[in-house]
Amino acid sequence: MKRTTPLSRFGLHATLAVLVVWSVLPFLWTFQTSIKFTRDVAAKKPVLWGYETTANAYRAFWLDADDVNMWSVLVYILVVAVICAALGQIGRRVRHGWPWFAAVALVIFAALWRFPKIWEANDEYDFLINSIVVTVLTMIISLSIGLLAGYGLARYTGISGAVILIIALGFRALPRTAFVLPYFFGAKEIDDWLTRTGVGSWNFPLIDFPGIDTLQILDTRLAIVLALVAVNQPFTIWMFRSFFMEVPKEIEEAAMMDGATRLQAFRKVIIPMMWPAIIATGLFTMLLAYNEYLFVRVLAPTEWTLPVAIVSLTGGESSRTITEAAAASVSITLPIVVVIILFQKHLVKGLGAGAVKG
Amino acid sequence: MSTVTLDKLTKVYPNGFQAITDLSLTLSEGEFLVLVGPSGCGKSTALRMIAGLEDISSGDLYVGDRRLNEVPPKDRDIAMVFQSYALYPQMTVAENIGFPLKLRKVAKKDRLQQVEQAAQVLELTEQLESKPSMLSGGQRQRVAMGRAIVRKPALFLMDEPLSNLDAKLRVQMRADIAAIQSDLGVTTFYVTHDQVEAMTMGERVAVIKDGILQQVAPPEELYDHPGNVFVAAFIGSPSMNLYEASLSAIDSGGYHLRLGDYQLAVSPSVMNTRPGLAQYVDQPLVVGIRPEDLEDAAVAPDHPSDQRISAKIEVREALGAETLMHFSIAAPTVDSGDPDALDELGEEDTGRCTARFSAATRARVGDHIEINVNTDHLHFFDPTTHKAIRS
């Protein structure tokens, strides 16, 4: 290591400071916009100091109805969070946890169900639900496939494994836009076939979902999830592969000598060692699905997720809704910030693994 | 606890490399057999074939009367201790040891009791709730042992279990493992590259080189009557000195060994106990001299003067109870074929010789001294087949 002189240290810190300001400034600008009145935002000369602040934009986005008190909603969310945290503590003590999982699921479900009456009145909550469903499903599916494929490719060293990995990397390198139209037309073909043959309007006695008359793919959450899983898969496979490469082969051999089948060795010994990898990869997948704009816009013209909803607010000539869009941006960023602070350690580990091994 | 039979086990890898050729061995009930060989000789492959982690290319494997060739590892009733221990990092020591029982669906109460027992044998009782990362190397090693002994298998396999420990601990664990094994009476197949480990632990030792079994015998016999040049050089530390030499009859009825410039008298008893040697008179052969069969003539002046060589001491290693001396004699050395030893020797070391003198020697580096050779204990080998010349 070279000795650091005061000058070089100053240079380093100055560079870092510039970088921090550069990355944080846009977000601060957005935040500022979200708490201003429209007149200050629309002013020709930007009003940077001394403006009047307001929560109107947040209220406008989340609560259309004036009669709902924003504070009561916040308290409601807080109460649900406290109950979840308490359940989490209990879950940690009790360890074996499907009853615990069920309880948490029940609480969350009840919380969402009993959510104040804005539920039906406000489209934004549909978009929020869409965002959650798409994110969670994409995470579950891509992680499952990625775990199995990454494990297989880490343990199998033949030439075809290498070919698969290179192909996956190639798909990752292609621009996202290259996939959108093929997915769109593919989905459209399937929908046309469903309509033409009448399969789409069959009545399935047991799965008669309310509000769904015909089966289709376009403009559903399913379409978004399928596309996002496909796009994200190369990443999860490479991530998990590099993590599995670090697990010595002897550990699963030991498990097999101890009397486990290969699947048992995987489930009971290898997976529990992989939790940091699962969390890190899961977080990256979550970010991808939660932030996706293009695929949602094209594949689901009306079943929006939050990013699309926000962009719709910024459209048009009027700057009337720009503060609302800013407020929405800030609100949907917050959960991500919380999650990242919670799992920051794993995230860094994941980045490191990708950097060294991938 | 059962006999284990390896019948002409052969391993050929898909790229054509033959790791093991016709390995046949029989382990009797409760026996501790050590398979020893230089690195890359296929000993771990042999072990992994028995474990079921590698396919057997040809030949048969029996434990008791059961042929195990196609049986998956989990159903073989064989426990294995890995070189890297392969502990499960997310489980506590108790969970690690209890894992084989859990997979066998042993009831929780019995399981805990058996884990407790195993921990007692291995002195791990206080560490039962710790994670492997909190343990020392020796403790981890014992946890790996615990996982093997807790289920009372038909056969233990151990793949260089002590090679990651420091020297002192290794000596202690050597004794501990041998003691535990004899207490439990479980047939054990132990692989190592360390011939000291092999000699001290094994009831019988099998020496393997390039995938071919060289000799199987109890340690003393292996040392006193090595079957070929490789075994002779591999077993024993420092190694046996091996030279090209020849025997010739002399007028008085005895024999002379011509070793470079030296003539050493060989007593008739040597010829009598090795009748095969008669055929090699006036023929080239390989002679082996153990370091301890060489002694400073100043220390033992009574030794017959026609069984002496002289040399200049080059390196002296005083070990306290004994002193190792390195010198050169003008006789061509013989390559034993041990790949590990070759690196140390190098090209120029023809005639290199190691002797183990008693601590009483006063010889210093640079001294020209006379050295007694105990010709009664010489080893003779065929120069082409490298096989021992006996009957």
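Strands here are DSSP runs of E with at least two residues, helices are runs of H or I with at least four residues, and both are numbered from the N terminus. Two strands are said to pair if DSSP finds at least two bridges between them. Within this pair, B:Val81 has B:Met158 of E7(B) as its bridge partner. The model is a predicted one, in which local features need pLDDT of at least 70 and side-chain atom pairs count only at pLDDT 80 or more, while totals for chains, interfaces and linings use all residues. Residues are numbered from 1 along each chain as its sequence is written, and chains are lettered from A and ligands numbered from 1 in the order in which they are written.

E7(B) also runs parallel to strand E8 (residues 187-192) of chain B, to which five bridges join it. There, B:Leu157 has B:Phe189 of E8(B) as its bridge partner. Together with helix H5 (residues 167-184) of chain B, E7(B) and E8(B) make a right-handed β-α-β unit; right-handed means that, with the strands pointing away from the viewer, the path from the first strand over the helix to the second runs clockwise. A residue is buried if 20 or more other C-beta atoms lie within 10 Å of its own, exposed if 12 or fewer, and partly exposed in between, with C-beta atoms placed from the backbone. B:Leu155, B:Leu157 and B:Asp159 point one way from E7(B), and B:Phe156 and B:Met158 point the other way.

An open sheet of four strands in chain B has the order E2-E1-E4-E5, with antiparallel pairing. Its edge strands are E2 (18-27) and E5 (66-67) of chain B, each of which pairs on one side only. Strand E1 (residues 4-12) of chain B pairs with E2(B) in the antiparallel sense over six bridges. B:Val12 stands opposite B:Gln18 of E2(B). Strands of a sheet pair through backbone hydrogen bonds, either parallel or antiparallel.

The largest nonpolar core has 120 residues. Such a core is a set of buried Ala, Val, Leu, Ile, Met, Phe, Trp, Tyr and Cys residues joined through C-beta atoms within 7 Å. The residues with the most contacts inside this core are B:Leu35, B:Ile50, B:Met80, B:Leu157, B:Phe189 and B:Val287. Helix H8(B) gives the most to this core, with six residues. B:Leu35 touches B:Lys43, B:Ala46, B:Phe189, B:Val191, B:Ala206 and B:Ile208, not counting residues up to four places away in sequence; two residues are in contact if their C-beta atoms, placed from the backbone, lie within 7 Å. Another core, of 50 residues, lies apart from the largest one and includes A:Val225, A:Leu226, A:Ala300 and A:Ile332.

Chain B is assigned domain 1 (4-234) and domain 2 (241-381), the bounds coming from an automatic or database domain assignment. The centres of these two domains of chain B, taken over C-alpha atoms, are separated by 38 Å. Eleven residues of domain 1 of chain B are in contact with twelve residues of domain 2 of chain B. On the side of domain 1 of chain B that touches domain 2 of chain B, helix H8 (residues 229-234) of chain B gives the most, with five residues. That side has seven nonpolar, three polar and one charged residues, where Ala, Val, Leu, Ile, Met, Phe, Trp, Tyr, Cys and Pro count as nonpolar, Asp, Glu, Lys and Arg as charged, and the others, Gly among them, as polar.

The contact between the chains takes 18 residues from chain B and 15 residues from chain A.

Chain A has 16 helices and zero strands. Of its 358 residues, 25% are buried. Chain A is divided into domain 1 (13-54), domain 2 (69-115) and domain 3 (125-356).
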